[in-house]
Amino acid sequence: MIALRPYQQDLLERSQEALALDGARVMTQLPTGGGKTEIAGAFLKEFLVGGRKAVWLTHREELANQTEERLSLNWTIPAMAGTDGWSTGRPAPRNVNGVVILKAQTVSRRNNG
């Protein structure tokens with residue numbers, strides 16, 4: 001695992017506090033290079049226990065592969081990029097105690113009709 005920078009740790013803690021409220025939905029933003037993937041890795045490291053799973057949406061193959069590598073290497077989170085085996089009419093891939101990284105376009109096509 002890597003150490004978050006102070007502003008990243010602050011954003012992580014404020015997001016966790018906001019998410020603790022009933023029915024909360026939280027959006028965070030940082031500029032390019034601000035460490036969004038690392039903050040999410042720190043969050044997911046604590047969240048993905050007891051059979052929980054998460055889906056990460058992105059819009060480019062390069063970002064999916066980069067996210068898989070960084071979550072796996074920096075945070076030891078089981079991460080699976082790609083949807084090669086996912087066809088229309090079948091359930092989305094799952095990664096118990098881990099993350100499935102999907103392209104938004106693929107999810108949109110699988111949910112049409």
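Me: Which element supplies the largest share of the lining of the second largest pocket?
Reply: That element is α3, with four residues. This is a predicted model, and the pocket has a volume of about 290 Å³. Its lining has 13 residues, and those nearest the centre are Lys-36, Thr-37, Leu-63, Gln-66 and Arg-70. At least two lining residues come from each of α2, β1 and α3.

Me: What makes up the lining of the second largest pocket in terms of nonpolar, polar and charged residues?
Reply: Eight of the lining residues are polar, three are nonpolar and two are charged.

Me: How do you know that the span of α3 agrees with its number of residues?
Reply: The expected span is 1.5 Å times one less than the number of residues. For the 15 residues of α3 this gives 21 Å, and the end C-alpha atoms are 21 Å apart, so the two agree.

Me: Which residues of α3 are buried, and what puts them on the same side?
Reply: Ala-64, Thr-67, Leu-71 and Trp-75 are the buried residues of α3. They cover an arc of only 70° around the axis, and therefore lie on the same side of α3. On the other side of the helix, Glu-62, Glu-69 and Leu-73 are exposed.

Me: What do the buried residues of α3 pack against?
Reply: They pack against α2, β1, β2 (79-81) and β3 (99-103).

Me: Why is Thr-67 called buried?
Reply: Buried means under 20% relative accessible area. Thr-67 has 5%, so Thr-67 is buried. This residue has its place in helix α3. Leaving out residues up to four places away in sequence, Thr-67 touches Thr-37, Trp-56 and Ile-101.

Me: Why is Thr-76 called exposed?
Reply: The label needs a relative accessible area over 50%. Thr-76 has 52%, so Thr-76 is exposed. Thr-76 follows α3 and sits in the loop between α3 and β2. Its phi is near 50°, a positive value in a residue other than glycine.

Me: Why is Asn-97 called partly exposed?
Reply: Asn-97 has 30%, so Asn-97 is partly exposed. Asn-97 is in the loop between β2 and β3. Asn-97 is not a glycine, yet its phi is positive, about 60°.

Me: How do you know that the span of α1 agrees with its number of residues?
Reply: The rule is 1.5 Å times one less than the number of residues. With 14 residues, α1 should span 20 Å, and its end C-alpha atoms are 20 Å apart, so the value agrees.

Me: Which residues of α1 are buried, and what puts them on the same side?
Reply: In α1 the buried residues are Gln-8, Leu-11, Leu-12 and Ser-15. They cover an arc of only 100° around the axis, so they are on the same side of α1. Pro-6, Arg-14 and Glu-17 are exposed on the other side. Among what covers the buried residues of α1 is α2.

Me: Which element gives the most to the lining of the largest pocket?
Reply: α2 gives the most, with six residues. The largest pocket has a volume of about 630 Å³. It is lined by 17 residues, and Val-26, Thr-28, Ala-40, Phe-43 and Trp-56 are the closest to its centre. Two or more lining residues come from each of α1 (6-19), α2 (36-47) and β1 (54-58).

Me: What makes up the lining of the largest pocket in terms of nonpolar, polar and charged residues?
Reply: Its lining divides into 14 nonpolar residues, two polar and one charged. Val, Ala, Phe and Trp count as nonpolar.

Me: How many helices and strands are there, and what is their order?
Reply: The protein has four helices and three strands. From the N terminus on, the order is α-α-β-α-β-β-α. Of the 113 residues, 30% are buried.

Technical notes. Residues are numbered from 1 along each chain as its sequence is written. This is a predicted model: local features need pLDDT of at least 70, side-chain atom pairs count only at pLDDT 80 or more; totals for chains, interfaces and linings use all residues. Side-chain values use heavy atoms; hydrogens and water are left out. On a 1 Å grid over the protein atoms alone, a cavity is a set of points where a 1.4 Å probe fits but cannot get out, and a pocket is an open set with protein on both sides within 12 Å along at least five of seven lines; lining residues have an atom within 4 Å of a point. Grid points are joined across faces, edges and corners, and a volume is the space filled by probe spheres set on the points. Buried means under 20% relative accessible area, exposed over 50%, partly exposed in between (1.4 Å probe, protein chains only). The arc is that of the directions from the helix axis to the C-beta atoms. Contact means heavy atoms within 4.5 Å.
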